[in-house]
Number of protein chains: 2
Amino acid sequence: MRKGEETRTRILDVAEAAVLQKGFGGTSIEELIAETGITKSGFFYHFKDKNELAKALLNRYIENDERIYDEIFGRARDLMDDPLQAFLLGLKLLSELLSDLPNGHPGCLVATVCYYERLFDREIQETNRNAVLAWRRRFGRMLREIMDVYPPREPVDVDQLADMVSSVLEGGIVLSKTLKEPNTLAEQVLMLRTFVRLLFLPAVEQPLAVVRQGQAFGAAAGGQP
Amino acid sequence: MRKGEETRTRILDVAEAAVLQKGFGGTSIEELIAETGITKSGFFYHFKDKNELAKALLNRYIENDERIYDEIFGRARDLMDDPLQAFLLGLKLLSELLSDLPNGHPGCLVATVCYYERLFDREIQETNRNAVLAWRRRFGRMLREIMDVYPPREPVDVDQLADMVSSVLEGGIVLSKTLKEPNTLAEQVLMLRTFVRLLFLPAVEQPLAVVRQGQAFGAAAGGQP
DNA sequence: CCCCCTCCTGTACCGGCGGTACAGTTTCGA
DNA sequence: TCGAAACTGTACCGCCGGTACAGGAGGGGG
């Protein structure tokens with residue numbers, strides 16, 4: 001039971017790296033078994049076909065993704081009393097984590113599945129859809145909390161704003177990978193942070209507005225890294 | 001010479017649709033020749049291998065992409081004297097064009113290539129990279145023109161802001177496709193528009209800031225759809 | 001009128017890959 | 001020591017990318 005899990009994990013590790021570089025269609029099972037040092041029969045003992053491998057791969061990826069967001073934004077929330085400051089700190093931590101990746105972000109499996117679409121069954125497509133919806137709910141929850149305190153300067157739909165976080169991440173990954181500029185992704189996250197700050201925070205470091213808005217917000221923003 | 005071009009175009013049309021749904025690895029040549037009603041030999045007369053097909057596909061896609069942006073932002077520029085208003089109108093027109101697509105955006109070949117990476121030669125990867133750099137230059141040019149007139153409220157790097165446009169588009173496509181919500185992409189573009197407006201336009205419809213900033217900007221923004 | 005070039009078709013073949021089937025083997029805990 | 005879990009080995013199928021090469025239709029230019 002233990003050894004089986006270990007082999008399974010090793011296959012998934014190898015497969016994930018390969019799939020993110022070449023897509024599902026471009027990744028052969030033979031290549032996976034060669035790199036894991038397992039036989040073909042051994043592979044099919046763990047996964048009955050490629051679709052099942054994809055399913056396991058995607059589920060593991062999504063769970064890991066959720067775990068990372070939980071940790072980052074959870075930590076940020078613990079450090080900051082204010083929901084806006086917590087969210088801004090979370091984005092900062094996220095951008096730092098992304099820029100610390102040695103070879104840049106390896107790619108997002110959700111996007112890979114999205115661009116392979118028609119060759120998977122409904123279940124995988126639903127899993128993928130639910131992953132994106134989970135992001136929407138996650139960021140939406142945080143943004144609603146912010147909006148309870150800070151009225152946005154422009155009227156915005158919360159779900160659309162939440163989706164913007166996912167968009168910038170997914171798009172930033174594509175740009176970063178295509179340009180072979182690992183930093184681009186982290187910069188995009190910081191750009192998004194600027195947007196959020198601009199949207200919810202009254203003008204600071206511009207003395208003009210502070211005069212009428214009062215300095216309570218100005219002080220809070222001033223302490224931000 | 002004429003008939004050859006026509007067949008070639010037909011192959012590319014079929015291939016583009018297939019590749020955007022299933023990726024390069026997931027698209028078989030046999031399936032392409034079946035749908036185009038050509039023989040295998042006929043296919044290889046036009047493209048010596050799959051890599052050459054990908055090259056032609058990508059180049060055509062990028063050219064078309066550039067043409068669309070030229071037209072939309074060119075039209076917007078002709079209609080507006082102010083570079084900011086022109087850019088904002090361009091984003092509006094773009095979002096309208098995207099929401100008018102009957103089945104949603106079919107996907108971006110640049111992203112497809114990005115997630116297939118390792119199975120293409122250097123030339124394709126360079127083409128893809130240059131396409132993204134061209135977007136950066138395009139939007140960067142427009143944003144620099146804006147910044148000459150409007151000082152941004154927050155310090156931003158022009159290239160990073162230009163990349164934000166590409167990020168939101170690429171990310172929006174992934175979200176839209178994955179969620180099977182065709183409108184999401186258009187909404188994301190409008191969200192980006194809100195960001196640009198917020199970044200460059202002094203607060204309007206919020207009387208607080210207008211008092212000190214003067215109403216020249218306020219009037220310009222008021223006429224915006 | 002024929003020749004040649006473009007634009008294909010037809011046939012045959014190769015090796016890699018996804019997947020199946022199934023028999024046999026090792027390992028390890030109850 | 002028995003049996004289940006976790007494999008290995010072998011053989012085979014059909015699809016696919018790709019190669020090779022021969023031949024044919026159709027049209028325009030000498």
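I count a salt bridge when a side-chain nitrogen of Lys or Arg sits within 4 Å of a carboxyl oxygen of Asp or Glu. By that rule Glu66(A) pairs with Arg138(A), with the closest N and O atoms 2.7 Å apart. I looked up where they sit: Glu66(A) is in helix 4 (residues 50–79) of chain A and Arg138(A) in helix 7 (residues 122–149) of chain A, 72 residues apart. Arg138(A) is buried at 8% relative accessible area; buried means under 20%, exposed over 50%, partly exposed in between, with a 1.4 Å probe and protein chains only.

Ground rules, for my own use. This is a predicted model, where local features need pLDDT of at least 70 and side-chain atom pairs count only at pLDDT 80 or more, while totals for chains, interfaces and linings use all residues. Residues are numbered from 1 along each chain as its sequence is written, chains are lettered from A and ligands numbered from 1 in the order written, and side-chain values use heavy atoms, with hydrogens and water left out.

**Chain A overall.** I get 11 helices and 0 strands, taking DSSP runs numbered from the N terminus (H or I, at least four residues, for helices; E, at least two, for strands). Of its 225 residues, 57% come out buried.

**Interface.** How much area do chain B and chain A bury between them? I find about 5700 Å², with 63% of it on carbon and sulfur atoms; this is the accessible area (1.4 Å probe) that two parts lose on being put together, summed over both. On the chain B side, Tyr115(B), Met191(B) and Leu198(B) lose the most area to chain A, together 14% of what that side buries. Each chain's share of the contact (heavy atoms within 4.5 Å) is 59 residues from chain B and 59 residues from chain A.

**Bridges across it.** The rule finds 4 salt bridges between chain B and chain A. One of them is Arg197(B) with Glu154(A), at 2.7 Å, N to O. I also checked Glu181(B) with Arg136(A), at 2.9 Å, N to O. Glu181(B) lies in the loop between helix 8 and helix 9 of chain B and Arg136(A) in helix 7 of chain A, so this pair joins two chains. Glu181(B) is partly exposed at 22%, whereas Arg136(A) is buried at 13%.

**Within chain B.** Lys55(B) bridges to Glu123(B), closest N and O atoms 3.0 Å apart. Lys55(B) is in helix 4 (residues 50–79) and Glu123(B) in helix 7 of chain B, so the pair ties together parts 68 residues apart in sequence. Lys55(B) is buried at 17%; Glu123(B) is partly exposed at 43%.
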